[in-house]
Each structure stands twice: as structure tokens, then as C-alpha cells.
Amino acid sequence: MKNLKAFLSSYGRSVIAAVLAVYMTGNTSPSDLGKAGIAAILPPLLRWANPSDKAFGRGNHSSES
């Protein structure tokens, strides 16, 4: 659960940054803003796939007992 919270928190920050970047270009299309939100999943997924990432990557064994 701790890893999921960290993942979702990271995703939330990425969504805010991606949507804000698209919006600041003057593009207010809901479709394009939604695409930015979907694209924002990439940074947290890359962190998760990295086995040496201690925050919530696959190398984090804090939830295993």
C-alpha cells in the first residue's frame, strides 16, 4: 500500500505538470489535456521499472515480509 501511495503521488505531480504545460501553450482542448494526463503515467512507470529506485521501484522490498 505504501508503494501504491508513492506511485499515485508521483503520477499526480506528473499529471499536474503535463496538463499545465499543454494548457500554457494556449491549447484548451479537453482531448489534448486528457492526452497529457495519460502521457503523465510514463515517468512513474519508468521509476517503477527501475530496480535501483528505492522510492517505489521494483528494487524496493519494504512491502515484502
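## Surface and burial

The protein chain has an accessible surface of about 4600 Å², and carbon and sulfur atoms account for 67% of that area. The model is predicted. Of the 65 residues in the protein chain, 22% are buried.

## Secondary structure and contacts

The protein chain contains 3 helices and 0 strands. Read from the N terminus, the order of its elements is α-α-α.

Contacts in the protein chain with a separation of 6 or more include a share of 44% between residues 24 or more positions apart.

## Packing of α1 and α3

Two packed helices are described by the angle between their axes and the distance between the axes. For α1 and helix α3 (residues 42-49), the angle is about 145° and the axes lie 8 Å apart. On the α1 side, the contact is made by F7, S10, Y11 and S14. On the α3 side, P43, P44, L45, R47 and W48 take part.

Sorted by class, this contact of α1 with α3 comprises 6 nonpolar, 2 polar and 1 charged residues.

M1, L4 and L8 make a nonpolar surface patch of about 340 Å². M1 is located in the segment before α1 (2-24).

The relative accessible area of M1 is 70%, so M1 is exposed. Patch residues must have over 30% relative accessible area, and the 70% of M1 is given above.

Terms used
Residues are numbered from 1 along each chain as its sequence is written. This is a predicted model: local features need pLDDT of at least 70, side-chain atom pairs count only at pLDDT 80 or more; totals for chains, interfaces and linings use all residues. Side-chain values use heavy atoms; hydrogens and water are left out. Patches are made of residues with over 30% relative accessible area and no salt bridge: like charges are joined within 9 Å, nonpolar side chains (Val, Leu, Ile, Met, Phe, Trp, Tyr) within 5 Å. Accessible areas come from the Shrake-Rupley method with a 1.4 Å probe; for residues, only the protein chains shown count as cover. A salt bridge is a side-chain nitrogen of Lys or Arg within 4 Å of a carboxyl oxygen of Asp or Glu. Helices (H or I, at least four residues) and strands (E, at least two) are DSSP runs, numbered from the N terminus. Buried means under 20% relative accessible area, exposed over 50%, partly exposed in between (1.4 Å probe, protein chains only). Axes are lines fitted to C-alpha atoms, for helices over the stretch in contact, and angles run from 0 to 180 degrees between N-to-C directions. Contact means heavy atoms within 4.5 Å. Ala, Val, Leu, Ile, Met, Phe, Trp, Tyr, Cys and Pro count as nonpolar, Asp, Glu, Lys and Arg as charged, and the others, Gly among them, as polar.
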